[in-house]
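Here are a few notes to go with the model. Have a look at the structure first, then read on.

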Amino acid sequence: MINPTNQVFKKIQKTINKMNYVAPYISFPFAMWLLSRLIILCAMLFVAPLIPSPPNGVAAKFGWDVFSAWDSQWYHLITENGYEFSLEKKQNSVAFFPLFPLLTRGLMSFGIPFHISGTLINNFAFLAALIILYLWVAERYDKSTAQWATAILAWCPYSIYGTVIYTEGLFLLCSTSALRAFDKKQYAWVGLWGALATATRVTGMALVPAFLLTSWLQKRTLKAFISSLAVGSGLFLYCLYCQLKFNDALAFLHAQKGWRSSYGFDWQGWGKILMEIVVGPANAGSGYIKDFWYPLGFATIIGCAYLLWLYRQKLGSVKVRYGFYCLWFLLWIIAGDSLIKIILIFGGLILLCFSIKKIPLAAVIYGFCSYAIVLNTGLTASVERYVYAIVPLSYACGLLLARYPRWGYLVISFCVIPLFSFSIRFCQKLWLA
């Protein structure tokens, strides 16, 4: 005769064993999320209100409003009034994809204000994305690599967009979950998470060619091809909605004209940013050497970096490491955020190229397809934010920093500074990305 007490005890023990197995995979991502978000909250809620209103900005005030600026206002408009589209208007809300405002509106139906709803959804989605990334990398490699991949995603200065009322946290959750599911051949989840990603932002469509091409190259089953096509259903449903409401299935695409006049790689814009880094904004803008000290300082830093590399064996690894860190810090002081932008975007692309054989094939193809989309928007603005949300870059960074952990600690320690600065600037309504 079966003893019911023993059966209950076994179920409880089984549940505890599962929790003990899962706990290590949650604790580290949660710690990275919590610590990095505390830095942001401290900057936005306690430091920013003490700083006078900057030029072209506003004075920050303690409250939920600090999490709302720029695109956040569009999501607020959508949740309150729905979508609108008119060719006569310069900018239209239909340019912003529906999943985030839908979820926010759902939470608002419980009486929770927009600023709280949007902030909670993005933050908890970002936490979930960190956990999924950790699980994915740990399953294929080890905990050390997973920890570095998670840490770099959490501490990157642009991770502020995983806290404020934007879609980065939600998109990272959906795209990372879809990539992990495809890697594990869980095709029902591939279709679901992929569809949610394409309903969050247009760059989610990069998943479709990534999954289709990988399915073909790896000779996967018919289910893989069907789930790959199902990924596009999020965008398809939005197109259907636009057709029914505005009689224009591509209304969201046509609305982009309010932000850009053309598409393609902005050679002139990127060249200008590079010149600002090398010769300084004043000199790049005037077309001649107006500020002599900037190029002199830049040349001195580059020269010192060359000497450090040349005499690296005599100086030793410790002195060389801290020497490069100090030179990088000085270069960032004079060059500003443009330096971080260029390194993140094009340094990330180079890193992805070197990681082709190390990360899953679908993730590699997705990374390159995402770059093809974001670098051909005809703009240089916001590109760094979109590149930050390409999760294979964090995967590749995890692999790199796991090999060179001492460099990793320096990278994370530096990231704290611009993350704190970005947080203050965002709640002052100053443009970041």
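1. Start with Glu-168: at 0% relative accessibility, this residue counts as buried (buried is under 20% relative accessible area, exposed over 50%, partly exposed in between, with a 1.4 Å probe and protein chains only). Keep in mind that this is a predicted model, where local features need pLDDT of at least 70, side-chain atom pairs count only at pLDDT 80 or more, and totals for chains, interfaces and linings use all residues. Residues are numbered from 1 along each chain as its sequence is written, and side-chain values use heavy atoms, leaving out hydrogens and water.

2. What does Glu-168 pair with? Its side chain meets that of Arg-385 in a salt bridge (3.1 Å, N to O); the term means a side-chain nitrogen of Lys or Arg within 4 Å of a carboxyl oxygen of Asp or Glu. Glu-168 lies in helix α6 and Arg-385 in helix α19, so the pair ties together parts 217 residues apart in sequence. (Helices are DSSP runs of H or I, at least four residues, numbered from the N terminus.)

3. Arg-385 also forms a salt bridge with Asp-71, the closest N and O atoms being 3.5 Å apart. That one links Asp-71 in helix α2 (residues 71-81) to Arg-385 in helix α19 (residues 383-388), 314 residues apart. Arg-385 is buried at 3% relative accessible area, and Asp-71 counts as buried at 16%.

4. Zooming out, Asp-71, Glu-168, Arg-201 and Arg-385 are linked in a network of salt bridges. The structure holds nine salt bridges; another of them joins Glu-84 and Lys-89 (3.2 Å, N to O).

Key
Helices (H or I, at least four residues) and strands (E, at least two) are DSSP runs, numbered from the N terminus.
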